[in-house]
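Open the model in your viewer and keep the selection panel at hand. This tour goes stop by stop.

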Amino acid sequence: MTDVATEDATLSTEARTAKRAAMRRATLHLVLGVGALDTVAMIGYYYIIMNAEPKTKMLFTGVWTILTVIVVMVLLRRVRRARFGQTMRR
């Protein structure tokens, strides 16, 4: 396994700048993706689920949690690929 700092030191200035830009973009997509999912879920909760039965609320919360995990897994993989490159295991 190689050290990321060592790899960054061997990159040219343009390559380092491009790598940082890709990492920032991927991180921004991660934050915006989770924020968008949570916004939709909260609006749905307060307008549709708030007065529902407890069983329905629990089901909604479970689905919301699973969707959050999926979104984070997919978008965090993009952040890792931007940081470590295509050498990362799929």
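What is the mean pLDDT of the protein, and what share of its residues reach 70 or more? The mean is 88, and 83% of the residues reach 70 or more. This is a predicted model, so colour by pLDDT before going on.

Select residues 4–10. This is helix α1, where confidence is lowest, at a mean of 61. Now move to α3, where confidence is highest, at 95.

Next, the rings. The structure holds three aromatic pairs. Select tyrosine 45 and tyrosine 46: their pair is edge-to-face, with 5.4 Å centre to centre and 90 degrees between the planes. Is tyrosine 46 buried or exposed? Tyrosine 46 has a relative accessible area of 53%, so it counts as exposed, since the cut-off for that class is over 50%.

Ring pairs link Tyr45, Tyr46, Phe60 and Trp64 into a cluster.

Last stop: the surface. Select Met42, Ile43, Tyr46, Tyr47, Ile48 and Met50 and show their surface. Together they form a nonpolar patch with about 720 Å² of accessible area. Tyr46 belongs to this patch and also to the ring cluster. Zoom in on methionine 42, placed in helix α2. Its relative accessibility is 40%, so methionine 42 counts as partly exposed.

Conventions:
Residues are numbered from 1 along each chain as its sequence is written. This is a predicted model: local features need pLDDT of at least 70, side-chain atom pairs count only at pLDDT 80 or more; totals for chains, interfaces and linings use all residues. Side-chain values use heavy atoms; hydrogens and water are left out. Rings of Phe, Tyr and Trp (its six-membered ring) pair if their centres lie within 6.5 Å; planes under 30 degrees apart count as stacked, over 60 as edge-to-face and the rest as tilted. Buried means under 20% relative accessible area, exposed over 50%, partly exposed in between (1.4 Å probe, protein chains only). pLDDT is the predictor's confidence in each residue, from 0 to 100. Helices (H or I, at least four residues) and strands (E, at least two) are DSSP runs, numbered from the N terminus. Patches are made of residues with over 30% relative accessible area and no salt bridge: like charges are joined within 9 Å, nonpolar side chains (Val, Leu, Ile, Met, Phe, Trp, Tyr) within 5 Å. Accessible areas come from the Shrake-Rupley method with a 1.4 Å probe; for residues, only the protein chains shown count as cover. A salt bridge is a side-chain nitrogen of Lys or Arg within 4 Å of a carboxyl oxygen of Asp or Glu.
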